[in-house]
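User: Can you walk me through this fold? Keep it quick, please.
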Amino acid sequence: MEQTPIALEELFEELKDRAFTDCAFSREEWDDLIIALVQEKRAHITMTDDAWTALSEALRVRYEEFQGELAQM
């Protein structure tokens with residue numbers, strides 16, 4: 001299976017945009033947005049399940065960074 005590279009920063013920015021649009025500021029809402037985003041991207045981007053899991057986890061741990069940006073607003 002040929003893997004398509006995906007930029008974590010681009011996904012993080014897209015995730016933040018969605019969170020602001022949907023007023024999704026809690027940890028649970030953040031995690032729900034990650035699930036939705038990953039499901040959408042999986043339809044168009046080929047990566048292994050392990051790569052998707054790692055990507056999802058990398059986005060989850062950035063919730064604190066997102067919260068920090070919210071606090072500065």
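Analyst: Helices and strands here are DSSP runs, numbered from the N terminus: H or I with at least four residues for helices, E with at least two for strands. This is a predicted model: local features need pLDDT of at least 70, side-chain atom pairs count only at pLDDT 80 or more, and totals for chains, interfaces and linings use all residues. Residues are numbered from 1 along each chain as its sequence is written, and side-chain values use heavy atoms, with hydrogens and water left out.

User: How many helices and strands are in the protein chain?
Analyst: Four helices and zero strands. The pattern along the sequence is α-α-α-α.

User: What does the C-alpha trace span along its principal axes?
Analyst: About 45 × 20 × 20 Å.

User: And what is the radius of gyration?
Analyst: The protein chain has 12 Å. That agrees with a compact globule of 73 residues, which would be near 11 Å. The radius is taken over C-alpha atoms, and the globule rule is 2.2 Å times the number of residues to the power 0.38.

User: At what angle do H1 and H3 cross?
Analyst: Roughly 55°, and the axes of H1 (residues 8-22) and H3 (residues 49-60) come within 10 Å. Axes are lines fitted to C-alpha atoms, for helices over the stretch in contact; angles run from 0 to 180 degrees between N-to-C directions. H1 and H3 are therefore oblique to each other. Under 35 degrees counts as roughly parallel, over 145 as roughly antiparallel, 65 to 115 as roughly perpendicular, and the rest as oblique.

User: Which residues make that contact?
Analyst: Leu8, Leu11, Phe12 and Leu15 from H1, with Leu55, Ala58 and Leu59 from H3. Contact means heavy atoms within 4.5 Å.

User: Now H1 and H4. What is the angle there?
Analyst: About 50°, with the axes of H1 and H4 (residues 63-71) 11 Å apart. H1 and H4 are therefore oblique too.

User: Which residues meet?
Analyst: Phe12, Lys16, Ala19 and Phe20 in H1 meet Glu65, Phe66, Glu69 and Leu70 in H4.

User: Different topic. Is Ser56 buried or exposed?
Analyst: Ser56 is buried, at 10% relative accessible area. Buried means under 20%, exposed over 50%, and partly exposed in between, with a 1.4 Å probe and protein chains only. Ser56 sits in H3.

User: What is Ser56 in contact with?
Analyst: Ile34 and Val38, leaving aside neighbours within four places in sequence.

User: What share of the chain counts as buried?
Analyst: 29% of the 73 residues.
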